[in-house]
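Welcome, and thanks for taking a look at this one with me. Here are some notes to read alongside the model.

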Amino acid sequence: MPSAGLAPRRFVQLSALLAMFALFTAQIVAALLPSVPVLVTASAAGLALDIYLQYRDPGLLAALGKVRFDVMIRQLLRDMLILVGLLRIDGINPLHEQAPLLIALCVFYALHFVCQAVAVLVRRTRTLPIVTRNIDASALRLSAAPPRILARRQGHRLLLFSVPATAGLLATAATTDAVWGYCGLGAAVALIAGGTVYLGTWMLPRKRAKSEQQVMKWLDKWLADYKPTVAMYFSGGTTSAYQANMWLSTLSEIDAKPLIVLRERFMVQKIEATDVPVVCFPKVSTLFSLENSTVKMMLHPANAAKTSQVLRIPTIKHAFINHGESDKLSSCNPYAKAYDEVWVAGPAARERYALAEVGVEDKDIVEVGRPQLAPIRPYSGAPTGTYTTVLYAPTWEGWDGNPGNTSVLLAGENIVRRLLADDGVRLLYKPHPMTGSVDPRAGAANERIKAMVREANTRRSGARPGAEAAAELARRTAELDRLTSTDFRTSADEMERMLLQGAPRGDREAEIARATAAWEAAYWASFPEWEHQIVTDARPAIFSCFNQADLLISDVSSVVSDWLSSEKPYAVANTSGMSEAAFRSGFPTVSAGVVLTPSAEGVPELLESVRRPENDRFTAARAALKEHLLGPSDPPSLTRFNGAISELCVKADERRVRMESRLAAEIPGQRGAAEETAHESAQGLEPEENGAEDAVTA
C-alpha cells in the first residue's frame, strides 16, 4: 500500500530534521563554552547537511520555509554562532581581527541581496507576454538562460558561495589566525560579486528580449503572415494535457491552417510532439490579439474556467469537440450551450443531449465521427494464439464521488482475480492516470491490483525474447525520443526553450508516425506472449493496447466508445447498484456488451464467447452500436470533420461581413449628424430646438 512505501521516507526526513536541530544545538553550546572541535565539526556538518538536502529533498526544506526557518535564517544563524565562538576564543582580538571579519561577512550578505535583486530583474525581462512553440521567434532577441544557481536558486547560491566563508572562519577558530577568515570571506565576496556582475550582463541589450509591446507587434505580424483559420483552444491542469493531445493528429491533418492556443505556461511543454504552431496567452489582454487575426473558429476539447474569456471574442466561432464521449453526465455538460456548435461522433450523442436537457439545441449539434480512431484495427475473428489477451482499462473515480464511476474500488480485484485464474489469459492492465487522485481508496485498490498481476507473473514461466529484442526496443526508444523531445539544459528557462523549439524542420510528424509504429512493434515483441503487463506510462498509447487485445473490460467511459470502432467483444462492470436492465437502459454504450457484476462471476463465460465466436450473441449488436455511437464509415470521419470546419468558417465570414456592413452604415450616419449639428450652430440654433420643430412638423 502507498502508506507502507511512505514510511521509510518519512523516517529519513524526520532523522534529517533531528540531525539539523542537533547540530544547531551543538553549535550554540560549543560557541558559549567555547569548544573549538565541537564548533568546527557542528558548523561544517550543518552546512554540508543543508547543501545535501537542497539537492536531495528540497520539499523538506520548503516545509521549514513555511515556518520562517528558511535557508537565509539557517545560514545567518550558523555564521552568527561561529562569530560568537570567535569572540570567546582566546587569541583572537575582537577589535582588530574579528571586527573586519564581521564587516566582510556583512558585505557578503549585502552582495547576496544585490544578486537576488538582479536575478528578479533578469527573470522579469525574460518572462515574455506569450510563449511559443514551432514558431521561429528569433526576431525577439531570444537568448540562452543564465546559470540556474544565479538566476533561480537563491538557497543553493547562498549555501555554496558560503562554503569558502565558513571554511575560513572555522580555520580561524581552529588556529586563532584571522588570515584564514580574511581569505575565506574574500573568496566568498569575490564569488558573489563576480556572479552578480555576470548575471547583470543579461540586462544588456544584446541579451535582453524585446518589450511586451514589441513582442505583441511581432505576434500580430506573424499571425498576418501565417494566416491561421482554425485554432484549438486548451486550458487545464498538469494532468489534463491528454485531453488536447488526443486531437493533435487530427489537427495536423485538417485542410485548414491550424494553430494551438494555450493559457498556462507549463502546458506548452505538456503538449506532445507536433508541427502545429503553439501560442500560449497567459493574460486575457494578450489573448484578444486574436480578435483581429485570420482565425475564424476554435475547437475546444474540454471545458475550463478560462474558456469563457475566449468566448468573448466576437469574430471567432466556437465548436466543442470534447475529449471522448460516454454515457456519463459529464459528456453532456450544460456549459456546452455556450459554444456556437457542439461536434459529436454520432447519433447517440445527439440523443444524449436531447435527453439531458442542458440547453444545447439540436440544430447546433454536428456529427463528425472520431477522426483519431483510424489507427485502431478491426476485428479479425477469434484469438489464434495460445493466449487470449484481455485489456482491463478502468476509468478513474471522478469528482462526484459516485462509486459507479470506476470499477477499481468494488470490482477491480475480483475481475483481475478471475482473469488471472484462467491459464489461457494474458492480461494488460491499464488504469486511468488519475486513479486515486480524488479517492485514496481507489489508489490503494489500484496498487493491490498491480501487486496481483506481478505475483501472477512469478507463477508463470516460458521462453523470453532474446537480447536482440531488448536492443531493438532500446534503439527504437532512442529514435522516438529524439523525434518527440528536445534536450534542454537544466538551467534552461522559458525563453531558451522557445529559442530551441522554433520552426520545425521537414515533415517531422510523418517521421514520428513511422517511429511510433516501429517502437510499438518493438515494445510488444520485447515481452513473452505469456507475461501479463501493467501499462501506466504514456507509451504505449491506449489504441496500441486495443490492437493487442482480443477483449476489453472497462467502465462506462469513452474507452468503450473508441473500442467499438474495432467491433471486438467487450464487457462493462456495473458497480452502480442498478439492475442489469436499468444499467443497459441508462447507458446505451453497454447495450452491445456483457455486463459484469462486482463479483465478476461472468468472466469465464465471457472468455468462452471470445474464444468461440459462435457463442458471441452481441456480434451484430456491436456493428449497429458502432454506427450509432461513431456515425457511418462513409464518408470517412476526417472528411466530415473538414466539412464541419468549412461550414463553421463560412458562418464566421458571414458574420464578419454583416458586422462590417452595419459598422459602415452607422459611421456615415454619425458623420452626417455631426455635420448637421455644426450647420445648426452656425445658424445660431440649438440642436434641441431644431429637434422640437421636427417633432411638431411630424
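1. How far apart are the end C-alpha atoms of helix 4 (residues 71-88), and what span should its 18 residues have? Please keep in mind that this is a predicted model. At 1.5 Å a residue, helix 4 should span 26 Å, and its end C-alpha atoms are 26 Å apart, so the two values agree. Its buried residues include Val71, Met72, Leu81, Ile82 and Leu86, and Arg74, Gln75, Arg78 and Asp79 are buried as well.

2. Helix 16 (residues 440-458) can be checked in the same manner. Its 19 residues should span 27 Å at 1.5 Å a residue, and the end C-alpha atoms are 28 Å apart, which agrees. Among the buried residues of helix 16 are Ala442, Gly443, Ile449, Met452 and Val453; Asn446, Lys450 and Asn457 are buried too.

3. Next, have a look at strand 6 (residues 317-320). Lys317 and Ala319 point one way from this strand, while His318 and Phe320 point the other way. In a regular strand the side chains alternate between the two faces of the sheet. Here Lys317, His318, Ala319 and Phe320 are all buried.

4. Strand 6 has a parallel partner in strand 5 (residues 297-300), with four bridges between them; one of the bridge pairs is Met297 with Lys317. Strand 6 also runs parallel to strand 7 (residues 341-344), joined by two bridges, and there Phe320 has Val342 as its bridge partner.

5. The loop between strand 6 and strand 7 holds Asn322, whose phi is near 65 degrees, a positive value in a residue other than glycine. Asn322 is buried, with a relative accessible area of 8%. Ala600 also has a positive phi, near 60 degrees, and is placed in the loop between strand 14 and helix 23 (603-611). Its relative accessible area is 0%, so Ala600 is buried.

6. Which residues touch the most other members of the largest nonpolar core? They are Leu290 and Trp343, in a core of 60 residues. Elements that each supply at least two residues to this core include helix 9 (212-226), strand 2 (230-234), strand 5 and helix 25 (637-682). Helix 9 gives the most, with seven residues. Leaving aside residues up to four places away in sequence, Leu290 touches Leu223, Val261, Phe281, Val295, Met298, Ile313 and Ile316. Apart from this core lies another, of 37 residues, with Ala393, Phe543, Leu552 and Val595 among them.

7. Two bridges join strand 10 (residues 425-429) to strand 11, and Tyr429 stands opposite Ile534.

8. Two peptide bonds are worth a visit. Leu33 and Pro34 are joined by a cis bond with omega about -10 degrees, and Pro34 is in the loop between helix 1 (2-32) and helix 2 (36-56). The bond from Arg539 to Pro540 is also cis, with omega near 0 degrees; Pro540 lies in the loop between strand 11 and helix 20 (542-548).

9. Finally, the second largest pocket contains about 710 Å³ of space. It is lined by 24 residues, and the closest to its centre are Leu483, Ser485, Thr486, Gln501 and Arg508. Helix 17 (467-484) and helix 19 (508-525) are the elements that give two or more residues to the lining, and helix 17 gives the most, with four.

Terms used. Residues numbered from 1 in each chain as written. Predicted model: local features only at pLDDT ≥ 70, side-chain atom pairs only at ≥ 80, totals over all residues. Heavy atoms only, no water. Buried < 20%, exposed > 50% of the residue type's maximum accessible area, 1.4 Å probe, protein only. Pairing = 2+ DSSP bridges. Expected span 1.5 Å × (residues − 1). Core = buried A, V, L, I, M, F, W, Y, C linked by side-chain atoms within 4.5 Å. Contact = heavy atoms within 4.5 Å. 1 Å grid on protein atoms, 1.4 Å probe; cavity = no way out; pocket = protein on both sides within 12 Å on 5 of 7 lines; lining within 4 Å. Points joined across faces, edges and corners; volume = space filled by probe spheres on them.
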